[in-house]
Amino acid sequence: MAVAGKGNGNANVSVRARSLTQRFGRTDALKGVDLALAPGVFGLLGPNGAGKTTLLRTLATIIPPSGGTLRLLGLDPTQSDQRRQLRRRLGYLPQSLGYYPNFTVAEFVEYFALLKEMPSSDVNRAVAHAIERVGLSDRARSKLKTLSGGMVRRVGIAQAVVNEPDLLLLDEPTAGLDPEQRVGFRTLLREIGEHGVVIVSTHLVEDVAAACSTVALMDAGRIVFQGTPDHLTSLGTGHAVGDSPLERGYSRVLAEARA
Amino acid sequence: MAHHNQPPPASRQDPRLDVPSRSDLARLGVDLDRVWSGVAGEVWARRIGPVERFAARLLRAPGLARALTATPSLVLSWLMASATVLALGVVTSRVTGIPWVPVLAPALAAAGIAYAYGPGVDPAFELSQSMAISDRMVLLSRGLAVFVINAGLGLLASLVAAPARGVTFAWLVPMTAIAALALAIATLTRSPGTGVSAALGAWMAIILARAAETREIASAVDPGPLIPLYLVGTLGCIALALLATGGTRNEVARWP
């Protein structure tokens, strides 16, 4: 399996999944996913119900896999002590961010810094840095219930990056962000991707084109394409469906996978 | 993404003020961003209350202490509602002579515990499942805290309710069992409403069955011959709750 990301070989692989399956009742949400990722920004594209969120929740150690093997940051999440170590180095933004409406921005980010077991002496500075990185310094003491949807999304990103994670998992992070904020967000992704693995699930192909070094396309629980955004773009040549070259590549791969 | 609170560029600084520029400071090894984050972090930091400070020392985990103080059913309004219900129970007991406090205390504890943790109750439940401090630890610490506080309230109420003095401590055993049942059902079904319903249903069934037998409420709430059943039930329910939080509920796989 080829290693995606900035690493130059298997020694640098931070995420490795082999034949990963996930079954809920009679539904197979993941049907044998193989991944080998080194540090970098990895985009996850696919239609609704393709399995992107299930894959991210599995990598976030929320759902144990039904089958296959998984190693994250060199750790085995089936072992409780290693899972705990892994979670200290993990950042996760779920698709639907639940929050305590009466918490302030700083309190919310601090809450998760503490649950990630960051050293108490580092927490305040890390919280301030994370809030700055998402451009919410002027709202740090505002209650979450007073913020717009886009601001709440940025608070979610702040809690995900507060511990400088080595594995950052973001499910639809740019939903609700305006174009300027999305540009800033992509810069943040690239910064974290310099040293860690960032996996971004999105419907927005322009996010992938701008920020991701590697992209995978999922459909019906399988990865049907993995390569660079340029490669996906090149596959769209001559295909009519889609408003941008990358969208045309996306549509073509999807159509061929379903044929 | 960040555009705020950066120090002004050197060109905007008043040349009459001999203020070192960002690059001057960088040469001296001063990282202004880091300094700013440190200052902002101190300014924005909340004050940690005495309860959280005590819990952090007791549990040796600041994160767990913070999760404890964020328990939905330990907010002031919930505690006031519980205290009000028990106060009404005290008044009614004194007027009618029927021991309402031992009847109400287990029901209140069950509701508090069912609403202490879980999806639909804890808004950040999904995120908390990916945290280093396990959701099982959060559940247990919150459940214990709610139980202890409700037991304290119940104790206070039963001491004040004179007619019930004969059974002052009798409700503690059924309260433990009923609260454990609420905990187990709420975590297994991922529904606090179902947990409360099951616990209240079981408690009512016990009271009615015992009342039919003894013909009086005071004897009905006295655990008496049911103590072994309550104890076994409590242990079984706690085991179920632990099992349910070993992985993800209602999903096939679990972390070992």
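What share of the contacts in chain B with a separation of 6 or more comes from residues 24 or more positions apart? It is 66%, where contact means heavy atoms within 4.5 Å.

Before going on, the conventions. This is a predicted model, in which local features need pLDDT of at least 70 and side-chain atom pairs count only at pLDDT 80 or more, while totals for chains, interfaces and linings use all residues. Residues are numbered from 1 along each chain as its sequence is written, chains are lettered from A and ligands numbered from 1 in the order in which they are written, and side-chain values use heavy atoms, leaving out hydrogens and water.

Chain B has 12 helices and 0 strands; helices here are DSSP runs of H or I with at least four residues, strands are runs of E with at least two, and both are numbered from the N terminus. Of its 256 residues, 44% count as buried, meaning under 20% relative accessible area with a 1.4 Å probe, protein chains only.

Now the sheet in chain A. Six strands form an open sheet with mixed pairing, in the order S5-S6-S7-S3-S8-S9; two strands pair if DSSP finds at least two bridges between them. Strand S5 (90–93) and strand S9 (222–227) of chain A stand at the edges with a single partner strand each, so one side of each has no neighbour in the sheet. S5(A) pairs with strand S6 (residues 167–171) of chain A in the parallel sense, over 4 bridges. In that pairing, A:Leu90 stands opposite A:Leu167.

Next, aromatics. Over all chains there are 7 aromatic pairs. Rings of Phe, Tyr and Trp (its six-membered ring) pair if their centres lie within 6.5 Å; planes under 30 degrees apart count as stacked, over 60 as edge-to-face, and the rest as tilted. A:Tyr100 and A:Phe103 make a tilted pair, 4.7 Å centre to centre with 35° between the planes. A:Tyr100 counts as buried because its relative accessibility is 8%, and A:Phe103 is buried at 10%. In chain B, the rings of B:Tyr117 and B:Phe125 have centres 5.4 Å apart and planes at 75°, so that pair is edge-to-face. Both of these residues are buried too. Back in chain A, one aromatic cluster is formed by A:Tyr100, A:Phe103, A:Phe108, A:Tyr111 and A:Phe112.

A:Ser142 lies between helix H4 (120–133) and helix H5 (149–161) of chain A. Is A:Ser142 buried or exposed? A:Ser142 counts as buried because its relative accessibility is 16%.

Key:
Buried means under 20% relative accessible area, exposed over 50%, partly exposed in between (1.4 Å probe, protein chains only).
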